[in-house]
Amino acid sequence: MPGPASPRRDWRWPAIGIGAMVVLWEVGHLVYGSLVLPSPAETVAALAGLIAAGSLLPAVAATMRDAVSGFTVAALVGLAAGALAGANRPLRHMLKPIATTLLGVPSIAWVVLALLWFGGSGLATVFTVAVTTAPIVYGATVAAVASLDGSLRTMARSFRVPPLILVADLYLPHMLSYVFPALVTTLAMSWKIAVMAELLSGAGGIGDRLASARAVVDTAAAFAWIIVVVALLLVAEAAVLDPLRRFFDAWRRELPGGGR
Amino acid sequence: MSLTTAATALRVEGLGHGYGEEAILADVSFELARGAVAAIVGPSGAGKTTLLHLVGGLAKPQSGSVRHDFSRPAFVFQDPLLLPWRTARGNIDFALSGLKLTAGERRERIRALLLEVGFTADDGGKYPHQLSGGMRKRVALARALAVRPDLLLLDEPFGALDFGLARQMQALVRRLIGERSMTALLVTHDLAEAVRLADTILVLGKGRPASIVAVQTLSRPPRLRDDAYVEAALSRLIADRDIRAAFDLDPAIAP
């Protein structure tokens with residue numbers, strides 16, 4: 001029997017975990033000094049400085065733009081290729097080694113190649129994000145299409161469901177339930193990869209700012225930027241991505257052969 | 001499609017089928033009268049589901065023929081096969097999308113059927129993941145009945161349910177078949193279930209390709225079949241030489 005929809009979360013243990021992290025951080029600061037480990041207070045001050053100087057929003061906007069552009073390219077290419085390959089066996093077998101190779105290349109290596117090919121422009125970041133995440137979207141789409149030919153389709157056929165309803169009510173939701181969780185995961189990845197690529201390409205964004213902080217050995221600023229990256233990711237996860245992921249996961253678990 | 005004998009509504013003749021190299025069924029023949037309930041029993045993997053799909057038109061037989069007078073067959077599958085993104089009501093509606101009904105007619109039909117299988121109005125709005133296994137089966141049954149079938153095809157419909165739930169569902173199905181004067185073909189590996197529900201029991205052998213090795217009829221009306229009758233009929237069936245062989249039991253008859 002299904003349990004209650006959502007029991008109230010117990011915040012006590014996470015709160016203790018966060019408290020312990022801050023205490024350890026402070027202890028580390030006391031032991032090693034501000035150059036190695038700035039105190040939480042110093043980091044917050046640095047963050048306030050960044051906001052006051054007006055450098056926070058432009059950097060966040062630049063990183064977001066790079067991450068979302070790369071993600072969009074990856075999603076379009078991955079979905080199109082995955083849909084075609086899912087429906088066509090020879091193409092699937094042909095693309096498999098290519099996708100595996102692309103996945104095997106470390107993302108840092110892609111940054112190097114992107115810098116060689118696109119120089120220090122924002123395009124290097126977009127390319128790195130796209131090329132590292134597209135194979136993941138591709139894989140999920142292939143799995144979605146390949147699993148379509150199942151018992152639900154037999155069921156629909158037994159009731160002589162018209163083609164239009166079949167697409168709208170069976171194929172589309174089925175595809176979404178497989179592809180959407182992958183899209184959510186890749187979106188979160190895109191954000192982190194974008195920061196990394198920016199750091200090396202120096203074409204603006206949070207990564208670029210991290211690199212500058214490193215160049216002038218401003219550890220507090222580096223910490224402040226890291227906190228910005230993590231905070232934005234956590235907020236996006238908790239507010240948007242996680243609920244959506246849970247929603248589509250529930251669908252997929254219910255699909256025949258969806259694994260329980 | 002018309003058949004020679006008035007009483008015979010379904011005639012399967014010399015049916016053969018296979019997948020790739022492997023022949024699954026060969027020379028399967030049987031007849032079913034309108035309003036009759038027949039059970040196909042046999043060991044797992046005998047080809048029971050394949051036979052049911054051939055009868056219901058989900059697959060084309062490679063040899064032999066399936067002829068029947070029914071205009072609307074409907075399946076209850078082994079898994080409920082509900083759309084996870086649709087409510088109980090929506091799942092029944094999905095099956096009705098092939099029929100020409102007004103929105104009002106559809107709504108009314110769904111409402112009446114959910115009531116019939118024991119759903120409250122509240123449960124009708126629940127999604128499959130919010131329903132227990134037994135409730136999902138009920139939705140699958142309501143969905144099949146929604147198209148007003150004249151031939152009901154059931155594939156191990158209660159296999160995954162616990163003993164009590166299976167008994168409840170068997171009683172429900174038997175009552176609904178009687179009330180709606182449907183003809184029904186049930187596939188099961190459970191002999192006791194066959195004895196409870198069917199008028200005729202067709203035993204599919206375990207050979208490859210498989211064919212029907214024994215036919216048994218039960219004369220007592222299903223609503224009068226108490227546990228003692230089921231026990232007795234079951235013992236009689238298990239004593240049958242061909243049935244013992246089909247289920248790979250020692251041919252020596254137990255005392």
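Reader: What makes the meeting of the side chains of B:R86 and A:D169 a salt bridge?

Author: Good place to start! A salt bridge needs a side-chain nitrogen of Lys or Arg within 4 Å of a carboxyl oxygen of Asp or Glu. For B:R86 and A:D169 the N to O distance is 2.6 Å, so the pair meets the rule. Across the interface of chain B and chain A, the rule finds one salt bridge.

Author: A word on the ground rules. This is a predicted model, where local features need pLDDT of at least 70, side-chain atom pairs count only at pLDDT 80 or more, and totals for chains, interfaces and linings use all residues. Residues are numbered from 1 along each chain as its sequence is written, chains are lettered from A and ligands numbered from 1 in the order in which they are written, and side-chain values use heavy atoms, with hydrogens and water left out.

Reader: How many residues does the contact take from chain B and from chain A?

Author: Chain B gives 26 residues and chain A gives 24 residues, where contact means heavy atoms within 4.5 Å. Between them the chains bury about 2,200 Å², 70% of it on carbon and sulfur atoms. Buried area is the accessible area (1.4 Å probe) that two parts lose on being put together, summed over both. B:L81, B:W85 and B:F94 supply 32% of the area that chain B buries against chain A, more than any other three residues.

Reader: Why is the pair of A:W117 and A:F127 called edge-to-face?

Author: Rings of Phe, Tyr and Trp (its six-membered ring) pair if their centres lie within 6.5 Å; planes under 30 degrees apart count as stacked, over 60 as edge-to-face and the rest as tilted. The centres of A:W117 and A:F127 are 5.7 Å apart and their planes lie at 75 degrees, so the pair is edge-to-face. A:W117 sits in helix 5 of chain A and A:F127 in helix 6 of chain A, ten residues apart.

Reader: How many helices and strands are there in chain A?

Author: Chain A has ten helices and zero strands. Helices (H or I, at least four residues) and strands (E, at least two) are DSSP runs, numbered from the N terminus.

Reader: What is the mean pLDDT of chain B?

Author: The mean is 85, and 96% of the residues of chain B reach 70 or more; pLDDT is the predictor's confidence in each residue, from 0 to 100. For the complex, the predictor gives an ipTM of 0.84 and a pTM of 0.72.
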